[in-house]
Amino acid sequence: MGEWDEIIKEFLVESSENLDQLDQDFIELEKNPSSKELLSRIFRAIHTVKGTSGVLGFPKLESVAHVGENLLSLLRDGEMKLDPELISGLLAMVDAIREMLRQIEASANDGDKDYSALIEQLSALKAKRVEAAAQEQGSPKIGRILVDSGAVQKEQLAQAVALQSGGDPRRLGEILIDSGAVKPREVLDALQVQSESSPGLSSSNLRVDVNLLDKLMNLVGELVLARNQVLQFTAGQQDATFLSTAQRLNLITTELQEGVMKTRMQPIGNLWNRLPRVVRDLAVGLGKKVRVEMDGSETELDKTILEAIKDPLTHIVRNAVDHGIEMPGERVQAGKSEEGALRLHAYHEGGQVNIEISDDGSGINLSRLKQKALEKGLITGEAAARMPERELLNLIFLPGFSTAQNVTNISGRGVGMDVVKTNIEKIGGVVDLHSDAGQGTTIKIKIPLTLAIIPALIASSGGERFAIPQVSLLELVRLEGDESRRAIEKFHGAPVYRLRGNLLPLVYLNRELKLRDSDAHSGVNIVVLQADGRQFGLVVDEINDTEEIVVKPLGKQLKGISCFAGATIMGDGRVALILDVMGIAQIASVITEIHEGSAIEAASRQDDTVVGRDAWLVFTVAGSRRMAIPLSMVSRLEEFPVTSLEHSGNELVVQYRGMIMPLIDIARRMNHQLGKQTETLQVIVYSDAGRSIGLIVDQIVDIVDQSVKIEQQESASELAGSAVIQDKVTDLLNLAVLVKGTAVQEMK
Amino acid sequence: MAANRQFCSFYLDGLFFGVEVEKVQEVIRHQEQTPVPLAPRVIGGLINLRGQIVTAIDLRRRLELSDRSDDQKAMNVVVRTDEGVVSLLVDEIGDVVEVEAQGFEPPPDTLQSGVRGMIRGAFKLKDRLLLLLDTECVMKA
């Protein structure tokens, strides 16, 4: 069974790679409909899917691929001309195949969805175009090979082809064998010839498990540390042999490290390949014409980074097509060509990768932007008048901002530009936007090559060493002796330092991390950091060094602590924690502090409310009451049949992963009417102190990533307050109060 | 629990504990730990296990026992769990003990509730009890 699984897995991986290439090829084909090479490549990909799915026993997949293959073989042999209708049909086929592959991945069979309509549609497409074509001309390759080898007569073949196009489901070879025209042996030989004539996959490539690469990466990291220790040791040594050996070890290690790093690199083209398809579908849906140009698709990036920028990039591209590029009519009026251009450009620069996405559309309408920001109360009229163009443009990165006049199904699906920005910043990248009214918009993304090794500043506080990623580091300030006392002023209790005339809020690392206070030092070290566009000074006891560190994830038990981004192993073999600058800023409430020039903060100050930016899980209870809890508190969403409920004491419980999990029916707890009785219960599993608790809700609505203004706060109530989420009033649950009195609380 | 089974044993505050041998990756002497500020009390710190960073759980605190005295250095029992590899900090390492399945008994009702679940029961050895630790439950910290 294991081997079989392996084969299926291989098939799935290979097929999905082929399909990704297909999307690209089809778009290319539309531009260049007579390319024999493209057609052959597409044909081969579908042929492989068909053949393998037949062998593996996925009849549905086989039959869909089969009609596609038929169409393609006619196209390839020049029997049919390509047109947009045909391309759409073929793309639909690719989608169907993809859908079935996903189904196979999930359940190991090709599902019970009915694709006969699609098959019919494709067959109709074929029939319509071939009607006049001679049957003999349409004979697939296998027939030609047989004729060429003299195994069958042309007449016999024509007969068989006629049978096949008449609806005979058998393959051509089978028909010929069954009719006695050829021997099975001859068909097999012909098949052999056929497969030999298609170029095989290059044998210089090898598929490798990513986990294995990660492990290698870890080992190399360890080797680097060992090397560093050896080199430190050589300093006091005289032995020439030892010194030269150490030197060689040094060189080899460096080279090995580079080599292993390279194995994780992938060209950005792998990601871009999907985009022309996205653009095409969008453009067709909107009635626009868009040409995609790509430049630098061979630029390589670490696999994890590539995955992290996938969604933001797709979003930007969608935005460009949806909002940026105008309708063909408008474009002509503006003196542009009917077809809009979307350019993707990637290149290396100074150890970073730059990605530029530009369109030649209408650009961002600044006055509309301003108006929108005023409407949403993000800025005041006065501020808007004063704001330079550049800052105005940056407004679209504010949470809750959408320039789309109407939310289409294309944009406005919950991922705004603010999320794009956060996601890019999460991996240490920067987003920059430039727009010329009438000329188009360019979005520039700068991201590091890899996340695995980053430059960091090593600082100590409270007797511990911490690594601070250099991306958020602005400068270092040291205050000596007397100055250290005088220069730090108090702003109603909050320590600040005047950095070139501006007040810089100070955060003491040892206090935030509840470490012991530093010993009496002669000076103060301030690490000036930038988090979410805000500056603050982190006060540490000592600045040690800058170093390239290997980032390692923290165990699951520590994931909840937001101020650490991971850990690393220092040259002496000890572990040091890597600070998450955003997290530190959050716990020190730098980010929610009142800050001049920040629109959101100003708004929250006026309303005297709390702003909490987080991902929220929204659900309903008792029919229509909308409630939300922070997504970070949710460990899983589960469904339980009503019949699995049991009682333990007064508590409603259910057996869950070999443990007894207490359930809280929120509706009942809050004295609401009970929702409809259903057969399965939607349960949000929430973990606290090692125990899980299930919250029974009616329905999970959505996950929303937005800043939330909490309108009222009663700390002891089961409701933490309410807020407007997705334009609806939503109650925020106070889990700590809600679970009081259940087993979890007793555990503590 | 039919056949005889092997347990890696260790001591904690005078108690004798066991973990299934097959769950134990290795046993190592005291390792320098990097404390994790703001982490729950039961997290002992992070240790460097040949380049892998492993979270150490202070088993005394997890099992609600008294803290180890400062001069007592903890040993590491590195176990594989569903949540990844973790190190359990214990007082002292014992032998690998082979026990008969018949000698097993679930915990008594009087066992304090907080620890219940983490100790699956005890094997009645000749002169003492070998408490069977449920590593998965310990991990849900």
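This is a predicted model: local features need pLDDT of at least 70, side-chain atom pairs count only at pLDDT 80 or more; totals for chains, interfaces and linings use all residues.
Strand E14 of chain A covers residues 524-531, and strand E15 of chain A covers residues 534-540. The two pair in the antiparallel sense over 7 bridges.

Turn next to the charged side chains. Side chains of opposite charge can pair when their charged atoms come close. Over all chains, the count comes to 31 salt bridges. Three of them follow, from both chains.

Take Arg343(A) and Glu293(A) to begin with. Their side chains meet in a salt bridge at 3.4 Å, N to O. Arg343(A) lies in strand E4, residues 340-349 of chain A, while Glu293(A) lies in strand E2, residues 290-295 of chain A. The pair therefore ties together parts that are 50 residues apart in sequence. Arg343(A) counts as partly exposed, at 35% relative accessibility. Glu293(A) is partly exposed too, with a relative accessible area of 26%.

Glu105(B) forms a salt bridge with Lys124(B), and the closest N and O atoms are 2.8 Å apart. This pair links distant parts of the chain, 19 residues apart. Glu105(B) sits in strand E9, residues 104-105 of chain B, and Lys124(B) in strand E10, residues 119-124 of chain B. Glu105(B) is partly exposed at 42% relative accessibility. Lys124(B) is partly exposed at 45%.

Back in chain A, salt bridges that share partners form a network. Its members are Asp95(A), Arg98(A), Arg277(A), Arg280(A) and Asp281(A). Within this group, the side chains of Arg280(A) and Asp281(A) meet in a salt bridge at 3.9 Å, N to O. How do the two partners stand, buried or exposed? Arg280(A) has a relative accessible area of 13%, under the 20% limit, so this residue is buried. Asp281(A), at 36%, is partly exposed.

How values were computed: Residues are numbered from 1 along each chain as its sequence is written. Chains are lettered from A and ligands numbered from 1 in the order in which they are written. Side-chain values use heavy atoms; hydrogens and water are left out. Two strands pair if DSSP finds at least two bridges between them. Helices (H or I, at least four residues) and strands (E, at least two) are DSSP runs, numbered from the N terminus. A salt bridge is a side-chain nitrogen of Lys or Arg within 4 Å of a carboxyl oxygen of Asp or Glu. Buried means under 20% relative accessible area, exposed over 50%, partly exposed in between (1.4 Å probe, protein chains only).
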